[in-house]
Amino acid sequence: QHAETWKHLNKHLPEWLEESKKYTEDGNVAAYIPELASAPKDVLGICIMDAAGNTAKSGDHEYRFTLQSISKVFTLILALIDRGEEVVFSKVGMEPTGDDFNSMLKLELVEPGIPFNPLINAGAIAISSLIAGSSPDEQTNRILHFFREVADNGTLDINQDVHKSESDTAHRNRSLAYFLKDNGVLHHDVEDVLEVYFSHCSVEVGCADLARMALVLAHNGFDPIRNQRLIPRRFVQIAKTFMFTCGMYNASGEFAMNVGLPAKSGVSGGILTMVPGRYGIGVVGPALNNKGNSTAGVHLLGKLSQEFDWSLF
Ligand code: GLN
C-alpha cells in the first residue's frame, strides 16, 4: 500500500504544487522583521520523507528560510527534557488562545499570569528561559545542537542577518518579555532570554530539514532512519497536541478541519507537519495569509490531505 501511495504522490506532486502556486498571489511576505520582507513572494516548495528516508520533492524545495515559530516546537521539547513537565507547565498553560501569535491579550488571564501555551510568542519566550545552560550562549548552543541532532544535519546554523534584524525591531516581543518578567515568569535577565529566543527563531533550514525533523515526531521521537530514540514519547505527544491545537495560530481550527494533521508554521513561510506513523513533511511559501500562515502551503497541504485521506478524523 505504501508503494502505491508513494508512486501516486511522486507522480502528481508537481501538478498539485503548480495548482497551489497561484495562491501565493493572495498573500504577503512578513515585513515586521525587515530582513524577511525581501523574501520572494512566489516561492513554493515541499519535501515529504518516508520512514526509509526516501523523499518526494517538488517546486522550490531547495529555498532556504529561517525556522521562526517552527523552532518553538523543539525548544518546548528541549525544555521538557531539561526541566520536566511539572516545571514547564508552571510557566506556560495548555490552552489555545485564538489570538494572533504575538498577542498581548489574555496574558493576565491564566493563573498566575502565565502565557496560555508554549507556541504563542509569550509562551515560547518563557520556554527559552528554561533551556539548560548558564549563559545565553550556552543555552543557544544547546538548542542548536539539539536541532542538528533531530534534523540529522550538523550544518544547521543561525542566520545572523535575520537574528540582528529581528532583535533590532522586536519592540513587541520585548514588551511581552518585560511583562512576563514582572509576573515572575522569567528569572533571567530579559535581554538574555530574548537573545536565546531570537537565536532559535533564526536557525536556517530547507524543506528537507523540516521533513527530517517532522519524521522523528511522526514516529513519536524514534528516528526510523538511524534506528534510535531521540526524544521520549511523552514529550512528542505533548508537542504534537500543541501543534494540533495551537500550531497554526488563530487558524488552528480551520487547519484541523481542512488538513487534520499536527503542524507548526512560521512567519518566514515554513510549515512543518507530518502524517503520524508515516511521513515527515516540510513546506515553504513565504507569502502569508492574514493569520500568518503560508497561503499556498496551506492550500497544498489541504489538497494532499484530501487526496490521501490524511486527516486524523
Ligand atoms: N521570531 C518571530 C517573532 O517572534 C516568530 C513569529 C512567528 O514565526 N510567527 O515574531
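Student: Which way do the residues of strand S9 point, and are they buried or exposed?

Tutor: Strands here are DSSP runs of E, at least two residues, numbered from the N terminus. A residue is buried if 20 or more other C-beta atoms, placed from the backbone, lie within 10 Å of its own. Gly 270, Leu 272 and Met 274 point one way from S9, Ile 271, Thr 273 and Val 275 the other way, and all are buried. With six of its six residues buried, S9 (residues 270–275) is therefore largely enclosed by the rest of the structure. Keep in mind that this is a predicted model, in which local features need pLDDT of at least 70, side-chain atom pairs count only at pLDDT 80 or more, and totals for chains, interfaces and linings use all residues. Numbering starts from 1 along each chain as its sequence is written.

Student: Which strand does S9 join over six bridges?

Tutor: Two strands pair if DSSP finds at least two bridges between them. Strand S10 (residues 279–284) runs antiparallel to S9, joined by six bridges, and Val 284 is the bridge partner of Gly 270. Three residues separate the strands of this hairpin, and Gly 277 in the turn has a positive phi of about 80°.

Student: What about S8 and S9: in which sense do they pair?

Tutor: Strand S8 (residues 263–265) and S9 pair in the antiparallel sense over three bridges, with Ser 265 opposite Ile 271. Their hairpin has four residues between the strands, and Gly 269 takes a positive phi near 105°.

Technical notes. Buried ≥ 20, exposed ≤ 12 C-beta atoms within 10 Å, placed from the backbone.
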